[in-house]
Amino acid sequence: HGGSRESGAVGPGGLREADLNLQVALKIRDALVGAGYSVIMTRETDVRVPIVTRGEIAQALDPVANISIHFNAGTDAGSADPGTEMYHQIESSESKRLAGLMYEEVFATLDGYDINWVSLSDAGAMSRPNRSGGDYYGVLRRPGPVTSVLVEFGYISNRAEEELYADPVVQQQLAAATLRAVDRLVHTTDPGSGFTADPMFRGYGPSGA
């Protein structure tokens, strides 16, 4: 997301996903750099970068991990728990492990807040196939062999969560959670958790861009 034509989800209070994604991604970058990692952003301002280009950047750099930051929308189901979703590449064990580690760290961070959450019944760390059985999301498919995850921290369409994620303190906590997950990916063999059952194709489009 990014730029005037691709705002992503918009919360009931008007918070644009594209803006929130960038705010959180910049804090994640600073946390990782502060811990000694090298980080390249696919965007640092409110501009649209096509998914094809994002995939090309990832392939050219061949990083330890490629993380696509998002906030979700579209569910009205109330939940006692955060509806955090982490999507991993179908054929990559390291991508699956990173998704599980991200899920553990982010869920634990958000679960400390007592608000009215929304969630899908299969929230967790999962894959999403296209018609041919490959990765539906272009940000997972196009980077090819690069370990990639798509992060949906929570639901910006939920007013309580929109207000929570707009708080810079909470954004910083999400950045710290991401740093912990990356550290565990690099320095441990922890498998992660929160994995849902492998999904069948459910009528999703052919490519997801």
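Analyst: Strand β3 (residues 85-88) is covered on both of its faces: E85 and Y87 on one side, and M86 and H88 on the other, are all buried, where buried means under 20% relative accessible area, with exposed being over 50% and partly exposed in between (1.4 Å probe, protein chains only). In a regular strand the side chains alternate between the two faces of the sheet. Strands, like helices, are DSSP runs numbered from the N terminus (E, at least two residues, for strands; H or I, at least four, for helices).

The model is predicted, so local features need pLDDT of at least 70 and side-chain atom pairs count only at pLDDT 80 or more, while totals for chains, interfaces and linings use all residues. Residues are numbered from 1 along each chain as its sequence is written, and side-chain values use heavy atoms, with hydrogens and water left out.

Strand β3 belongs to an open sheet of four strands with mixed pairing, in the order β1-β6-β3-β5. Two strands pair if DSSP finds at least two bridges between them. The edges are held by β1 (66-72) and β5, each of which has a single partner strand, so one side of each is left without a neighbour in the sheet. From one strand to the next the twist averages 20°; axes here are lines fitted to C-alpha atoms, for helices over the stretch in contact, and angles run from 0 to 180 degrees between N-to-C directions.

Strands of a sheet pair through backbone hydrogen bonds, either parallel or antiparallel. Between β3 and β5 the run is parallel, with three bridges, and Y87 has M126 as its bridge partner in β5. Between β3 and β6 the run is antiparallel, with four bridges; there E85 stands opposite E152 of β6. Strand β6 (residues 148-155) is also joined to β1, in parallel, by six bridges, and N66 has S148 of β6 as its bridge partner.

N130 counts as buried because its relative accessibility is 4%. Its side chain makes a polar contact of 2.9 Å with the side chain of S132, a polar contact being a pair of N or O atoms within 3.5 Å; within protein, one must be able to donate a hydrogen and the other to accept it, and residues adjacent in sequence count only if both atoms are side-chain atoms. The side chain of N130 also reaches the backbone oxygen of D135, at 3.4 Å.
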